[in-house]
Amino acid sequence: MSLTPEQIEYYQEHASDNLQPNLISSAAIGLVLAYILVALRIHASIVGKTSFGIDGWLILAALVPLTSYAITVWIAVSFGEGRHSLFVTNVPGFIQVYVAAITGYALCVILTKISILCFYRRIFSPVKSLQYSSWALCIFIVAYNVVLVLVTALQCIPLSALWTGEPAKCINTLPPFTVLG
């Protein structure tokens, strides 16, 4: 990505702009809260002597990609995320972390939302219409997150062209990311 002289001048004048503390604190707080809430879910299951069903296992599994996502945020900050693009210190590493972050995010969303759907199915098991609509929603959630990962992985052929600069066939990811968002 090449910057115009006006952009470079603006970035240099605003070199003190820094959202890195916000990114680190939001990733840390989100991760800690997730672990606390999942621990409370496990505790409630034990104390209430209720089953720790598929919904519990899915939300527990969601902690793995959530943790990887938080780690990728912290790595991206070390490469310059949260500052103007002029100050990115490791462009190839930054782009690789970006691809990994999207994948971790998508997996976390899939597991979390399916866990919630399974929880609803368990609570509202007598309601037959909810049973069918929850499966349709589950398929939709998985499908759009798989598309998100595929768009990320296939945005350039070969993908390594994103960080090596080699010639490649690339797509504009803004429309699919906007729709998927």
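Phe140 is exposed, with 53% relative accessibility (exposed means over 50% relative accessible area, buried under 20% and partly exposed in between, with a 1.4 Å probe and protein chains only). The model is predicted: local features need pLDDT of at least 70 and side-chain atom pairs pLDDT 80 or more, while totals for chains, interfaces and linings use all residues. Residues are numbered from 1 along each chain as its sequence is written, and side-chain values use heavy atoms, without hydrogens and water.

Phe140 forms a tilted aromatic pair with Tyr144, at 5.5 Å between centres and 45° between planes (rings of Phe, Tyr and Trp, the latter by its six-membered ring, pair if their centres lie within 6.5 Å; planes under 30 degrees apart are stacked, over 60 edge-to-face and the rest tilted). Both residues lie in helix α5, 4 residues apart (helices are DSSP runs of H or I with at least four residues, numbered from the N terminus). Tyr144 is buried, at 17% relative accessible area.

The structure holds 5 aromatic pairs. Another of them, Tyr69 with Tyr105, is tilted, with centres 6.1 Å apart and planes at 50°. Tyr69 belongs to helix α3 (residues 54-79) and Tyr105 to helix α4, so the pair ties together parts 36 residues apart in sequence. Tyr69 is partly exposed at 32%, as is Tyr105 at 44%.

The largest nonpolar core has 15 residues, of which Ile114, Tyr144, Leu148 and Phe177 touch the most other members (a nonpolar core is a set of buried Ala, Val, Leu, Ile, Met, Phe, Trp, Tyr and Cys residues joined through side-chain atoms within 4.5 Å). Helix α4 supplies the largest share, 7 residues.

Note on methods:
Helix = DSSP H or I, 4+ residues; strand = E, 2+ residues; numbered from the N terminus.
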